[in-house]
Amino acid sequence: GKPAKWVSGKDVILHIIGLIGVDGALYRSMEFVGDGIKYLSMDDRFAMTNMAIEAGGKNGIFPVDDLTIEYMKEHSTKEYTVYEADEDAEYDEEYTIDLSTLRPTVAFPHLPENTRTIDEVGDVKIDQVVIGSCTNGHIQDMREAAEIMKGRKIADGVRAIIIPATQQIYLQAMEEGLIKTFIEYGAVVSTSTCGPCLGGYMGILAEGERCVSTTNRNFVGRMGHVKSEIYLASPAVAAASAVTGKLSQPSELGL
């Protein structure tokens, strides 16, 4: 199936982790195959393979297709080898997911497996939004966030921090005018860093604060105080939430 607008690879992997649990792929590989993959961009795939570890996986694998090859041509001059699963390969478990039925998904505190669709979240007021990191700091993520932020302002009392995954993505976002959109929206734009994702600096949560974050983990004390809360979500949900001041989806803004 084809994902609906505003449903990204982040929603897919959160759905999967909610399905199999944080130990569902313990010390095993997760292989993502099927007709629906053609609708997932490379940035979607990076988010999914990055978070395979949040299901306990040793790694996450996508088959090589034309999109992969084009990406290799654009980003590397090295020769590469294509590896494929044997046709008669045996798998421990198989799950079939219809991407067209997925809804924007949020992982509630304090585990990535504690997922709910955006329609089930209720009224959750927030203090901070973090969009970026290694998981969702790709150019597609920056574009989606900027599309939602353009012409809008963040809610009073909410902090928004944007963290491009690499300096190259930072420069591209700058050239495309996305950084200007973020700043006009009221967000802080950081250099590429882990920052608040691991409770390091710049966006550390105080006692009782809630953050919607596109990072990959929401354990107790991950971003600061042990009595703070992290809600994992896609850049689209995070950007919309910053506008409303509570967990929200883009459709609530008429998008």
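Tyr27 sits in the loop that connects α1 and β1; helices (H or I, at least four residues) and strands (E, at least two) are DSSP runs, numbered from the N terminus. Its phi is positive, about 60 degrees, although Tyr27 is not a glycine. Tyr27 counts as exposed because its relative accessibility is 63%; buried means under 20% relative accessible area, exposed over 50%, and partly exposed in between (1.4 Å probe, protein chains only).

The model is predicted: local features need pLDDT of at least 70, side-chain atom pairs count only at pLDDT 80 or more, and totals for chains, interfaces and linings use all residues. Residues are numbered from 1 along each chain as its sequence is written, and side-chain values use heavy atoms, with hydrogens and water left out.

**Backbone**

Ser133 is not a glycine either, yet has a positive phi of about 80 degrees. Ser133 belongs to helix α4 (residues 133–136) and, with a relative accessibility of 6%, counts as buried. A cis peptide bond, with omega about 0 degrees, links Pro109 to His110. His110 lies in the loop between β3 (105–107) and β4 (115–117).

**Pockets**

A pocket is an open set of points on a 1 Å grid over the protein atoms alone, where a 1.4 Å probe fits, with protein on both sides within 12 Å along at least five of seven lines; lining residues have an atom within 4 Å of a point. Grid points are joined across faces, edges and corners, and a volume is the space filled by probe spheres set on the points. In the class counts, Ala, Val, Leu, Ile, Met, Phe, Trp, Tyr, Cys and Pro are nonpolar, Asp, Glu, Lys and Arg are charged, and the others, Gly among them, are polar.

| Pocket | Volume | Lining by class |
|---|---|---|
| Largest pocket | about 920 Å³ | 19 nonpolar, 6 polar, 8 charged residues |
| Second largest pocket | about 440 Å³ | 6 nonpolar, 6 polar, 4 charged residues |

The largest pocket has 33 lining residues, and those nearest its centre are Glu31, Phe32, Val33, Glu94 and Tyr95. The most come from α1, which gives 4 residues.

The second largest pocket is lined by 16 residues, with Asp43, Phe46, Tyr71, His75 and Ile139 closest to its centre. At least two lining residues each come from α2 (42–50), α3 (66–75), α5 (139–149) and α6 (167–175). The largest share, 5 residues, is from α3.
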